Amino acid sequence: AVERANLLNMAKLSIKGLIESALSFGRTLDSDYPPLQQFFVVMEHCLKHGLKVRKSFLSYNKTIWGPLELVEKLYPEAEEIAASVRDLPGLKTPLGRARAWLRLALMQKKMADYLRCLIIQRDLLSEFYEYHALMMEEEGAVIVGLLVGLNVIDANLCVKGEDLDSQVGVIDFSMYLKSEEDIGSKERNVQIAAILDQKNYVEELNRQLNSTVSSLHARVDSLEKSNTKLIEEATKVDVEAELQTYKHSRQGLDDMYNEARRQLREESQLRQDMENELVVQVSMKHEIELAMKLLEKDIHEKQDTLIGLRQQLDEVKAINMEMYQKLQVSEDAMKEKNEIIGRLEDKTNQINATMKQLEQ
């Protein structure tokens, strides 16, 4: 978190210093301009923060070219800049290609657009960065918002022939240690603050500048062909006109911001409703648990009653068995008595026959 905060502060100072010096410089910037060189160094450090070490076929690779190369899949207009970087002669390392990509994106005035479409795809970005990386956190979104202010700068950078592979990116802190007298007039600071105040509007870009960006993109292509005539025609008036157009577009961004705040309030209310419903469900769960405990107690009581009834049933069965045995004894005695009665009847019949004979 401390590293992210430090990098964010350095990015703010670098972008603010670059815009201030460019507006006071009053002409197109080239590759040897020190604030511009420091800006690329700071951006390189921001993109390297939290970068995962990826294992390649021969060694371990840790470079920012991987996530930057992913932009052309998310932003169709970035295919041209990626193809231009691959076709540049003399670039042998992925870091050199990444540095060339940053310079071409600045000349196209599309760096904020390219990086914005990259940071919103966190599921794809997580393949290259750790979860705590600057590009994965809020600081990355703030830096992308600050990059929108660089659209007022015209840069003429000669990428071909420049040794981008072996450059050492060291931040020169002495450039940012300035006194109040070196900052400039109050009116100019207000204008620069208005340009840099974009971190709350990262998700929405100014649609009114599309035609201007297209014309500037065509101008950058012509600059790559070393057309010196366009360099002479780039004046301070063009920069001020673009700055005025950008100020007019602030009203549209404010409306979008208010709409976003309204949606946030609605989502907050929906979340509160969901939390209330969750409380109701928790109370219902407690009631159900209490009912289950009472039901278990009732079941235990019924089980005790059932055990008592089974014992009584066993006793009744024992009594029935005893009565059955007695019944068997009684039946045996009855059979014996019936046999005696049968023999007595036979004797009686014999006596009756004898008496009849005696009577005769």
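**Salt bridges and a helix crossing**

Salt bridges link Glu44, Lys48 and Arg99 into a network. The model is a predicted one, in which local features need pLDDT of at least 70 and side-chain atom pairs count only at pLDDT 80 or more, while totals for chains, interfaces and linings use all residues. Residues are numbered from 1 along each chain as its sequence is written, and side-chain values use heavy atoms, with hydrogens and water left out.

Q: What makes Arg86 and Glu69 a salt bridge?
A: A salt bridge needs a side-chain nitrogen of Lys or Arg within 4 Å of a carboxyl oxygen of Asp or Glu. For Arg86 and Glu69 the N to O distance is 3.1 Å, so the pair meets the rule. Arg86 lies in helix α5 (residues 79–87) and Glu69 in helix α3 (residues 65–69), so the bridge ties together parts 17 residues apart in sequence.

Q: How many salt bridges does this rule give?
A: The count comes to twelve.

Q: Why is Lys110 called buried?
A: Buried means under 20% relative accessible area, exposed means over 50%, and partly exposed is in between (1.4 Å probe, protein chains only). Lys110 has a relative accessibility of 11%, so Lys110 counts as buried. Its salt-bridge partner is Glu77, with the closest N and O atoms 3.2 Å apart. Glu77, at 46%, is partly exposed.

Q: How do you know whether Lys302 and Asp298 are buried, partly exposed or exposed?
A: Lys302 has a relative accessible area of 54%, so Lys302 is exposed. Asp298 is at 31% and therefore counts as partly exposed. The two side chains meet in a salt bridge of 3.7 Å, N to O. Both residues lie in helix α13 (residues 236–359), four residues apart, about one turn of the helix.

Q: Why are α2 and α6 called oblique to each other?
A: Angles under 35 degrees count as roughly parallel, over 145 as roughly antiparallel, 65 to 115 as roughly perpendicular and the rest as oblique. Helix α2 (residues 34–48) and helix α6 (residues 94–108) pack at about 120°, with their axes 11 Å apart. The two helices are therefore oblique.

Q: Which residues make the contact between α2 and α6?
A: Contact means heavy atoms within 4.5 Å. On α2 the residues are Leu36, Phe39, Phe40, Glu44, Leu47 and Lys48, and on α6 they are Leu95, Arg99, Leu102, Arg103 and Leu106.

Methods. Axes fitted to C-alpha atoms, helices over the stretch in contact; angles between N-to-C directions.
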